[in-house]
Amino acid sequence: MGKVVVCATVIGATAACAVATVLIQRHVKKSKRWGKAKAILKEFEEKCATPTWKLKQVADAMAVEMQAGLASEGGSKLKMLISFVDNLPTGNEEGLFYALDLGGTNFRVLRVQLGGKENGVISQEFTEVSIPPNLMVGTSKELFDFIAAELVKFVKEEKEDFQVPPGGKRQLGFTFSFPVMQTSISSGNLIRWTKGFSIEDTVGQDVVAELRNAIERQGLDMHITALVNDTVGTLAGGRYTNKDVFAAVILGTGTNAAYVENAQAIPKWHGDLPESGEMVINMEWGNFRSSHLPLTEYDTALDAESLNPGEQIFEKIISGMYLGEIVRRVLLKMAEEAWFFGETVPSKLKVPFVLRTPDMSAMHHDSSADLNVVKTKLTNILEISDTSLQVRKVIVELCNIVATRGARLAAAGILGILKKLGKDTTVSDGQKNVIAMDGGLYEHYTEYSKCLENTINELVGEDVSGSIVVEHSNDGSGIGAALLAASHSCYYKHFTLLVR
């Protein structure tokens, strides 16, 4: 009987030992996997590093590329497009003006009543219209006839307060957020469609002429005074309320910048110098590229698999279209090589762009003790459940790395503009240099926008930082077009006098 007890004891001890061995092996394996995941994160963080000295190198490169782009067409990755906007709003504008803002699958029509210095914007109204999918791939005539018909409808619904004076003519600013080679303040040829549009017979054509012909077919008496890029519109909207605005930056799905340049500092400008002595330049800075940019293997892969490999490199590391995707790619590597989410790689994590930047922002801003927002996003978007708090903390850290790099590089781009204009070191008494900012990324991703503004102050130093102001210019691209129609209406009057 005693022997049986001894055997049972031995067997029990052996089993316990085996269980303990398995547990130890699992612990060791888990520790190794966790160490690998942390190593991937650390390497990524090091590659994304943006110390002050590196940002200043990026800014210097931006200033050099700006100069090259102003010197000749094709001389730089920065297109530095001449906007033909040489009269920005002053606040003295009076009258009724319209704007058409076509930037994607929707367009807006605005009506603005301006009352000069005393009254500013007296009133404004707008309507938003969705473009039927079939018109995005149809003919130019069909698209612009549809837009013109909505313009007519909008005009017919206006109240008596919005009547054009006798002998006057309705004037429209046209915001067209597609690549255009502008040929005057009110003309420009479409280079290519983007954002899901594919209308072959519009490419190479003057989009203002297309719209004008459609308006005439509708029997509407309206003159298109200004063709405007959305960033230039944001600059105009900012200048209307603040005379110290000298540049505009859009940080949204994509990114761009525009600024006011001395007309004499544009070698590729061959026309008569404008009376104002100034010219707004549309930089198209999303296409900026430099060896000083802190690029990683994830950025390289994202670019190679994109619709435009080798292009828009700056945009791909600082704008809202791509930040969430970079986070997804790092998480995928951690899942594949370190079993970050368990022994199987979540299938949803393999889907490009499944993790959007607004979701990344929500996780980054999660202040709950157990990071519930992160947990919910992982469950709902990536179908990853049962994550530990430790894993969720790593994800917040990853979001911070990606957002910080983007915001600090955007600040370096702004420093490049300041350097080009000599505003980075000298300060006149009381002089303010104001940058009008717009875009959903800047407006809604608080950690990003705070980091951007803090980095600008860090880069210019205490002596200059007090003169640099970042100002939110909400909906600049729409109302800015109406304001530019107003500030350039003198050209239309002058043309009318010549014809007479």
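The model is predicted, so its local features need pLDDT of at least 70 and side-chain atom pairs count only at pLDDT 80 or more, while totals for chains, interfaces and linings use all residues. Residues are numbered from 1 along each chain as its sequence is written, and side-chain values use heavy atoms, with hydrogens and water left out.

Six strands form an open sheet in the order 1-11-10-9-12-13, with mixed pairing. At its edges stand strand 1 (81-82) and strand 13 (468-472); each has a single partner strand, so one side of each is left without a neighbour in the sheet. Strands here (E, at least two residues) and helices (H or I, at least four) are DSSP runs, numbered from the N terminus. Two strands pair if DSSP finds at least two bridges between them.

Five bridges join it to strand 10 (residues 255-262), and the two run antiparallel. Along this pairing, V260 stands opposite V280, and A258 has N282 as its bridge partner. N282 is also the bridge partner of L81, and strand 1 is joined to strand 11 by two bridges, again antiparallel. Four of the five residues of strand 11 are buried, so the strand is largely enclosed by the rest of the structure. Buried means under 20% relative accessible area, exposed over 50%, and partly exposed in between (1.4 Å probe, protein chains only).

Now for the helices. Helix 6 (residues 230-241) lies across strands 9, 10, 11, 12 and 13, running at about 135 degrees to strand 9 (245-251). Helix 14 (residues 446-460) also packs on the sheet, touching strand 9, strand 12 and strand 13, and its direction makes about 165 degrees with that of strand 13. Axes are lines fitted to C-alpha atoms, for helices over the stretch in contact, and angles run from 0 to 180 degrees between N-to-C directions. Contact means heavy atoms within 4.5 Å.

Helix 9 (residues 323-338) is largely enclosed by the rest of the structure, because 14 of its 16 residues are buried. Just after helix 9, W339 takes a positive phi of about 50 degrees.

Our last stop is A486, in helix 16 (residues 476-487). A486 is buried, with a relative accessible area of 8%. Leaving aside residues up to four places away in sequence, A486 touches E93, F97 and L114. A486 and E93 are 393 residues apart in sequence, yet 6.2 Å apart in space, C-alpha to C-alpha.
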